[in-house]
Amino acid sequence: MKNIILKFTMLFLLAFMVIPVVACSKEIVYYVDKRDDSPSSEQSGTKTTTAKPTQTTEEGNGDGSAFNITVWCAEEDHEMILSMLQSYEEKYSSNTYNWKIENQGEDIVSATVIRDVDAAADVFSFANDQIGTLMSAQALLQIPTAYQAQIEEQIDVAQQAAKYNNANYAIPYSYENCFLYYNKSKISNVSTLEGILQASIPGVDYNLGIDMSDSYYTTMFLYTAGVKIFGDNGNDPTDINLDNAEAYKACKYIAGLASQTKLGSIAKADQFAAFRNGKVAAMISGPHMISQFKDALGTNFGVAMLPKIRFQGESSDTQLVSFSGVKMYGISNKPNRDQKLTNEAVKVAAYLANQENQQIRLEEREFCPTNSDLFDEAINSGIDTVEVVVNQSEYSKLKPGIIQMSNYWDNMKNFLLGVYKLTYAESSWSTELKKIESKLKS
């Protein structure tokens, strides 16, 4: 009888590349090894546990082959992914699978992959804005046409995210954008940003928290003002015009936030504690914080679309426009991998992204699905976080996936943070925006 053994070891993944230069944090690696039936044991530095044997439900499926497959996923997803892979084994019960499941941040995975494609996972989850960087190193396998039907079942924005030069290089499974979290015991009217900041809320340090050092969030002021980044669809590297009236309009708003004492720039690492300790009433963040904020707020957990804002000199409010993103599975384009193993890796990726497993993510993790049918149903799912993501999708722009986007994040982060901190005077905005334009075009 086959046993599944989880060995918890430490792996340091540190990536140094020009595009992008990212330092990966410590990762925990989960090995799934079925070499023996040894009992649970604990040794120095290694924790080994033996799980119950996998029960097969479809005998005879598969051709009896043995596969060693490495899968990368976000740390918080490893138990869910392990369960999905166990179900995959049941589906192909005549085969033998040795899984190596490693934690890897989906927002920085490209740095590790392009450092050494041959050492990368066979299957990995990644955020769509990294597809250009991955393709620059020819690190992604093109998805075979046999899986085209599955990709065409996804919402339009997900299909767009999975393409590079009009060919499919990934299989989508989750749609996301940022929205507003709030403590229902402290605030109820969260429709406008100005209203949130002006509310009288006893005991808090800040009425609203935003990580103003992260251009994923600060870019929403640019988009709301009408700025376009790499054209209407975010896929034209030559269409980058930042030195314009719309950008100045956004910068004036951001600079005006500097005087708002009830707005706090709260980094991701500090957001849970800020909610837990009652020091903030509302926070703009993404779906990755759902479970943490639910834990922090309990029954007072509330969510809403991003608030509206009022630009200087205008008499009406404008809905904040966010970045949206798509999580996808890619298959590393390893030059020396056996073709049969490559075919199996693609099949695994497609399985992890299929409609059934999107439904599981929806129910267990409140991830918004990209499958068209599930997405349409999500608006009435009764899951507040998913309904908010769907509603906010009408006011969002897909993160561009072209390689130039790798230069965008830090360059725009430094500039907009400088505008917020009043480091850059209004007279310098034009010069700084032109510098960023030049860097993004290079």
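How many cavities of 30 Å³ or more does a search of the whole structure find? I ran the search and got one.

**Entry 1: ground rules.** I am working on a predicted model, in which local features need pLDDT of at least 70 and side-chain atom pairs count only at pLDDT 80 or more, while totals for chains, interfaces and linings use all residues. I number residues from 1 along each chain as its sequence is written, and side-chain values use heavy atoms, with hydrogens and water left out.

**Entry 2: overview.** I counted 16 helices and 20 strands; these are DSSP runs numbered from the N terminus, with helices being H or I of at least four residues and strands E of at least two. The protein has 442 residues, and 55% of them count as buried (under 20% relative accessible area, with exposed over 50% and partly exposed in between; 1.4 Å probe, protein chains only). I took contact to mean heavy atoms within 4.5 Å. Among contacts with a separation of 6 or more, 76% join residues 24 or more positions apart.

**Entry 3: the cavity.** I used a 1 Å grid over the protein atoms alone: a cavity is a set of points where a 1.4 Å probe fits but cannot get out, a pocket is an open set with protein on both sides within 12 Å along at least five of seven lines, and lining residues have an atom within 4 Å of a point. Points are joined across faces, edges and corners, and a volume is the space filled by probe spheres set on them. The largest cavity has a volume of about 40 Å³. Its lining includes Ser174, Tyr175, Glu176, Pro287 and Cys368. Strand S10 (171-177) and helix H14 (384-392) each give at least two residues to this lining. I sorted the lining into seven nonpolar, two polar and two charged residues (nonpolar: Ala, Val, Leu, Ile, Met, Phe, Trp, Tyr, Cys and Pro; charged: Asp, Glu, Lys and Arg; polar: the others, Gly among them).

**Entry 4: the second largest pocket.** I noted about 360 Å³ of space here. It is lined by 19 residues, and the closest to its centre are Gln160, Lys163, Tyr164, Asn235 and Ile402. Helix H5 (156-161) and strand S8 (163-164) are the elements that give two or more residues to the lining. The lining divides into eight nonpolar, nine polar and two charged residues.

**Entry 5: Tyr329.** I found Tyr329 in strand S18, and it counts as buried because its relative accessibility is 1%. Leaving aside neighbours within four places in sequence, its contacts include Phe124, Ala170, Tyr173 and Leu352. The side chains of Tyr329 and Arg361 make a polar contact at 2.8 Å (a pair of N or O atoms within 3.5 Å; within protein, one must be able to donate a hydrogen and the other to accept it, and residues adjacent in sequence count only if both atoms are side-chain atoms).

**Entry 6: two loop residues.** Arg337 lies between strand S18 (322-331) and helix H11 (339-352), and at 11% relative accessibility it counts as buried. I see its side chain in a polar contact with that of Thr342 (2.8 Å). Not counting residues up to four places away in sequence, Arg337 touches Asp122, Ile331, Ser332 and Thr342. Ser65 sits in the loop between strand S4 (46-50) and strand S5 (66-73), and is buried at 12%. With the sequence neighbours up to four places away left out, Ser65 touches Asn95, Thr96 and Lys340.
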